[in-house]
Amino acid sequence: MDDPYHNNTDYPPQDEDAASDATEGADEDDQMYEGEYQGIPHPDEIKEARRAARVEARRKARMAAQQEEEEESLPEQYETIMEDCGHGRFQWMLFFVLGLALMADGVDGFMVGFVLPSAEKDMCISNADKGLLGLLVYVAMMVGALVWGGLCDKMGRRKCLIYVLTIDLVFSFLSCFAQGYGFFLFLRFCSGFGIGGSIPIVYTYFTEFLQMDKRGEHLSWLCMFWMFGGLYASFTAWGIIPHYGWGFAIGTHLQMHSWRLFILVCLFPALAALIGLVFMPESPRFLLENARHDEAWMILRQVHDTNWKAKGEPERVFTVTNIKTPQTQEDEFIEIQSETGTAFQRWTVRKMTMLQQVMANIMSLSAPELRLQGLLLVIVWFCLAFSYHGLGVWFPDMIKYMQYEEYESKVRIFHRERVERFHFNFSLVNQIHREGEYIHDKFANIEIKSVKFESSLFENCYFEDIKSTNTFFENCTIKNTVFYNTDLWQDKFKNCRMENATFLHPKKGCHLNFQEENDIVIYMVSFLGSLAVLPGNIISALFMDKIGRIRIIGGSMLASSACTFLLLLSFSQGAVICWQCLFYGVSVAAWNGLEVISVELYPSSKRGTAFGILNGICKFAAIIASSIFAAFIGITKIIPIFLAFAALVCGGMVALKLPETREKILS
């Protein structure tokens, strides 16, 4: 029978022996694996995958070890380079520029206390809204420290400091002309958000230009500029606000008073720092951490040549040719090519990537090797800030309370007096008139200060050109009386009965009395308190590298706790001022040591972030302490003193557990 498929094949006939010969020598591996139909991998494929995984793991381990070696060698190499560059003209120029930035932060901190009385009175702020300015400024500084501290580790120290000072200058300048209290608060909040980032950036920036044996001393000298900020603010406030209580109007809505000029004058340190910063380079350590080798090399050469030329050795050559830099793939921004997105999309991706990196940097601070020292630093920062800022509020408020008590003890009380057809042409000061009768009397061209009329009768009286301060009429009856060109208006009369009373050309609103609102004692307290830290600054700078940071911090805090007990002996304004100066002079050494150790404990890639968090905790402690300590004014001084003592002792004991960084190379 013929094969029906024979015509469709071209293969020659093959016998059975030939077929068996073709398969006789075949390898078993060439045969089809039965499990392949069931989706089961071949054993050899599993072995190959495991072998490839081991090779990849070894490759990654070698890369990690190489990167770790490079990262470990960078700090030693960088320290050697800074020693070769020396300490000279360049560091001193940077010292004064960054000092002015630190001074600007100090000025902002003191300025709030001087502006508050005048600003709140000038803008007719109710008692319920008073104090918002001080609170919001500290909140803004706290947020600014957290944000800018993290950003300076990703954007650069110099760039972020320029942003910080620019924000402070712009919004502080605008606040000089703000007429509404809400808008003024907003502008001061924005200004505080800017300047709040200056402290973390300044210390991080300057540290990375110093060699190990110069760090403690020169960072302590830098701390003195915060003191200069307090002196500058106190002196200019005393010279401008009370002595030149003038004002003028631009149109009908823009009112300018001397306290606004004071804010303008306070901008000079920030402006000078910003101008100087334009001529300063970026931190080479930051550039190396971000694999920008060539830029860092040029800056280090600039530092080297500037210093040795100033020392009379211009022939010395910068011999460094290669600096090891760590691999920083995670620091590379994600770029969108021009053909795949708009400029706004590329900008958005960059900023979102940077934000993710900042958050990752913050989370990395909880790593096991950083967790313990971070917790100890948080406790020390909080305890020192709580006691320092709490007593900083308590001292001036206690002096004001003592002044008030003394003033109240001299009040003159008049009971059921009857005055008829009398011309009052002399000022009435610190008096209480109860159930009096004033018939056909004239009050003209006088000042009525701290006077209260209770349940009194005014009939057919005439008030003209009256300037009043803290003066009120309570439960009074006023008949057929004329008020002409006075500031006696509705808020001055409480539960009073008016019968045919006439108000002509009243001075509505609030009116500043600079002698009343700005007591010279308050300026003197701030000035002396700032000046008192000078000896402590000098001593801490001279001994920071000799006895170590830990002894400075612990010893200063424990000595400050002993000083708080002397406050129990403060029975007069002079005693309060004396103990205040002593406390500030002793505690400033702890601040200097704490700021030095905070920048030395953390690696360069996390230094600004960590310092920003610690400084934010400092501002948070200041907010809490201000409200707690102020609440006990006039009630008891034992509780505030005990709280300050307990915080200082706790912080001082914890500080002794911190690692010493005197001979630590910046990691």
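Is Glu437 buried, partly exposed or exposed, and at what relative accessibility? In this predicted model, Glu437 has a relative accessibility of 32% and is therefore classed as partly exposed, since the partly exposed class lies between the 20% limit for buried residues and the 50% limit for exposed ones. Glu437 takes part in a salt bridge with Arg418, in which the closest nitrogen and oxygen atoms are 2.4 Å apart. Because Glu437 belongs to strand S7 (residues 437-439) and Arg418 to strand S4 (residues 418-420), this pair ties together parts that are 19 residues apart in sequence. Arg418, with a relative accessibility of 54%, counts as exposed.

Strand S8, which spans residues 442-454, includes Glu447. Glu447 is partly exposed, its relative accessibility being 27%, and its C-alpha atom is separated by 9.3 Å from that of Asn425, a residue 22 positions away along the chain.

In total, 18 salt bridges are counted in the model. Among them is the contact between the side chains of Lys452 and Glu454, with a nitrogen-to-oxygen distance of 4.0 Å; Lys452 is partly exposed, at 28% relative accessibility. Salt bridges with shared partners also join Asp153, Arg157, Glu208 and Arg607 into one network. A further salt bridge links the side chains of Glu313 and Arg316, for which the nitrogen-to-oxygen distance is 3.8 Å. Glu313 has a relative accessibility of 29% and counts as partly exposed, and Arg316, with a relative accessible area of 33%, is likewise partly exposed.

Technical notes
Residues are numbered from 1 along each chain as its sequence is written. This is a predicted model: local features need pLDDT of at least 70, side-chain atom pairs count only at pLDDT 80 or more; totals for chains, interfaces and linings use all residues. Side-chain values use heavy atoms; hydrogens and water are left out. Buried means under 20% relative accessible area, exposed over 50%, partly exposed in between (1.4 Å probe, protein chains only). Helices (H or I, at least four residues) and strands (E, at least two) are DSSP runs, numbered from the N terminus.
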